[in-house]
Structures are given as C-alpha cells and as structure tokens.
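I am opening a notebook page on a structure I have not looked at before. I will write down what I look up, in order.

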Amino acid sequence: MTRRLPLVLAVVFCSLFPIAAAVAETPLQTLDEGLGLFREAASAKNPKTAHALYAEALLRFNLLVSKDGVRNGKIFYDIGNTYYRLGDIGRAILSYRRALLYRPRDPNLEHNLAYVRSKRRDRLRASSPVGVMRAIFFWHYT
C-alpha cells in the first residue's frame, strides 16, 4: 500500500495541473499568435469577425509589452497597425510615435504615421497672430 502512495499522488498532482498549462508560453509564441491573428483578420470577409480577430491580436501584442517587457519598434509598429485597423486613430498615432523612438528612420513607419495623422477628425486650424493678440489684449480692443 505504501508503494502505491507516490503513484497515486503523482496521478492526482498531474490531474490538478495539466502539462499544457505548466509549460509557459514564450514571447516568441505570443508574437507569432498575434501576427497570425492579424493576418487572419486582414483576410476575413466579415467585418465583425475581422474586428474580433484584430482585438485578439492586440491583446497578444499588449501582453508582450506589459507582461514580457518587450520594448522595440516592431512591436509598437504592429500595435499601431492594429489600432488603426480597429479605428482607434489616437492610439495608433501614439503607438507609431513610440515605435519611432526605436526605429527613427523607418520609411514604412513614417509613411503610416503621416497617413494616420491625415485621418484625424480633430484638425485644428492655426489661429492667426491677430486673433491671438486680440485674445490676449482684449481690453485694448474694447
């Protein structure tokens, strides 16, 4: 009976903690999953399916940054592309700007950043110097 106890404990232990869960996913696997989801979303015919796949890809990319501490231009570039596809222009611009810190002369990155900036809806017109002066010295003009 005492010889069976280690075997029973081993079986119980393995059933409580599956082997698949015990093997930690590497950052490279997470990146591959995210890129695969992004490619799948890009080729999806249904917009709702594509949106869900982009959201899943974004979760993988953000997991690399937050959990694994990955900081490089490629990951922020991928995050920017994903935010753009999800319609979040502000976060796409932020991610592209972060990528520029690591890849300052990347022509694709510069092109994407310029394109996304052109898609902003909150463009402000530059105020004329006369308008600014009138605002500052309002008492003079009244």
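Is E33 buried, partly exposed or exposed, going by its relative accessibility? I looked this up in the model, which is a predicted one. E33 comes out at 31% relative accessibility and counts as partly exposed.

Entry on the partner of E33. I found a salt bridge between E33 and R60, with 2.7 Å between the closest N and O atoms. E33 sits in helix α3, residues 27-42, and R60 in helix α4, residues 47-66, so this pair ties together parts that lie 27 residues apart in sequence. R60 is also partly exposed, at a relative accessible area of 22%. The cut-off for buried is under 20%, so I could not file R60 as buried with its 22%.

Entry on the whole chain. I stepped back to see what these helices belong to. The chain has nine helices and zero strands. Along the sequence I read the pattern as α-α-α-α-α-α-α-α-α. The chain has 142 residues, and 25% of them are buried.

How many salt bridges does the rule count? I get five. As a reminder to myself, side chains of opposite charge can pair when their charged atoms come close.

One of the salt bridges joins K74 and D78, at 3.0 Å from N to O. Both residues lie in helix α5, residues 73-86, four residues apart, which is about one turn of the helix. I compared the two ends of this pair by their cover. K74 is partly exposed at a relative accessible area of 39%, whereas D78 is buried at 7% relative accessibility.

Another salt bridge is formed by D106 with R103, where the closest N and O atoms are 3.4 Å apart. R103 is partly exposed, at 31%.

How values were computed:
Residues numbered from 1 in each chain as written. Predicted model: local features only at pLDDT ≥ 70, side-chain atom pairs only at ≥ 80, totals over all residues. Heavy atoms only, no water. Helix = DSSP H or I, 4+ residues; strand = E, 2+ residues; numbered from the N terminus. Buried < 20%, exposed > 50% of the residue type's maximum accessible area, 1.4 Å probe, protein only. Salt bridge = Lys/Arg side-chain N within 4 Å of Asp/Glu carboxyl O.
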